[in-house]
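I opened this entry to look up a few things in the structure. My notes follow the display.

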Amino acid sequence: MSMFGGLEISASGLTAQRLRMDVTAENLANAQTTKGADGQPYRRKEVVLREISQGGGFGAQLANALGTGAKSRPGGVEVAEIASDQTAGKMVYDPSHPDANAQGYVQMPNVDTVTEMVDLIDSSRAYEANVTAMQASKQMFTKTLDLLK
Amino acid sequence: MLFDTTQLALERAISGASTRQEALAANIANADTPGYRRVDVDFHGALAAAMGSSDRTSALERTGFTPAVDKSVGATRADGSTVDMDSEQAKMAANALEQQAAVQVATARISILKMAIGGSGA
């Protein structure tokens, strides 16, 4: 058991939320990208998070699966994958666009700026919550150290 | 005896609050994890059980704190997570205050001991 477990857990939360903000920024930046490296319009990306399971042994895994679980220790959070959203984007009529089809429609990326802004606020607030948790952990360590005075 | 049952109980309470802090930090870190079930540490219950037993000192020494999945709450989010951010923050604030209270009482008791030994006290 490490001494600064709480700080490490909150740090993993900060890393995960920062990555979410980065991915949201990438989605917003590519909101008008009609042709990527594969010749297709940009597809919005989404970060999928998962819990870091500390109990690697069979017993801990089984207890977790059954939900009966005395977990050995709480873990932090990690990025499971950066999934791409497969929903179709809007078709926009713009015959002069180089990527327009025969009917004059352009396949736009499936990025909705409102969704992205909401995601951005969500990850920003979650980041702040992790900072607050980290400050609380730090304060508790400091107070415990006061016992030595 | 230099350190009595009360001092031991205070030490265990500080340890329990620290373990609980880790569990609450993990809940906040996993607020956006789909299907995550919140964990908590019932250190009050463990300590109360130890204090109620016939041999308090050895019961307290044997008391360990393990985070367990909280099954009393249902999913509060569409992704199946049982983390309610506001309640986690409130629990964390209360837990930090409890820990500080235990530390302050322990500090006061140690300074009384110091005074008795012949030190300056505070």
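**Aromatic pair, then the interface**

I started with B:Phe43, which counts as buried because its relative accessibility is 3%, under the 20% cut-off. This is a predicted model. I looked up B:Phe65 next. At 12% relative accessibility, B:Phe65 counts as buried too.

I noted B:Phe43 with B:Phe65: the ring centres are 6.3 Å apart and the planes stand at 90°, so I logged the pair as edge-to-face. B:Phe43 sits in helix H2 (residues 43-52) of chain B, and B:Phe65 in the loop between helix H3 (56-62) and E2 of chain B, so the pair ties together parts 22 residues apart in sequence.

I moved on to the contact between the chains. Chain B puts in 34 residues and chain A 38 residues. I read a buried area of about 2,700 Å², with carbon and sulfur atoms giving 59%. On the side of chain B, the residues losing the most area to chain A are B:Glu22, B:Ala29 and B:Asp32, together 22% of what that side buries.

Which residue forms a salt bridge with B:Asp32? I found A:Arg20, with the closest N and O atoms 2.8 Å apart. The count between the two chains is 1 salt bridge. I also noted 7 residue pairs in polar contact across the interface, both residues at pLDDT 80 or more.

I checked which elements give two or more residues to chain B's side: helix H1 (5-29), strand E2 (68-69) and helix H4 (85-117) of chain B. H4(B) gives the most, with 12 residues. By class, I logged that side as 19 nonpolar, 10 polar and 5 charged residues.

Definitions and conventions
Residues numbered from 1 in each chain as written. Chains lettered and ligands numbered in written order. Predicted model: local features only at pLDDT ≥ 70, side-chain atom pairs only at ≥ 80, totals over all residues. Heavy atoms only, no water. Contact = heavy atoms within 4.5 Å. Buried area = accessible area lost by both parts, 1.4 Å probe. Salt bridge = Lys/Arg side-chain N within 4 Å of Asp/Glu carboxyl O. Polar contact = N/O pair within 3.5 Å; in protein donor to acceptor, adjacent residues only side chain to side chain. Helix = DSSP H or I, 4+ residues; strand = E, 2+ residues; numbered from the N terminus. Nonpolar A, V, L, I, M, F, W, Y, C, P; charged D, E, K, R; others polar. Phe/Tyr/Trp six-rings, centres within 6.5 Å; stacked < 30°, edge-to-face > 60°. Buried < 20%, exposed > 50% of the residue type's maximum accessible area, 1.4 Å probe, protein only.
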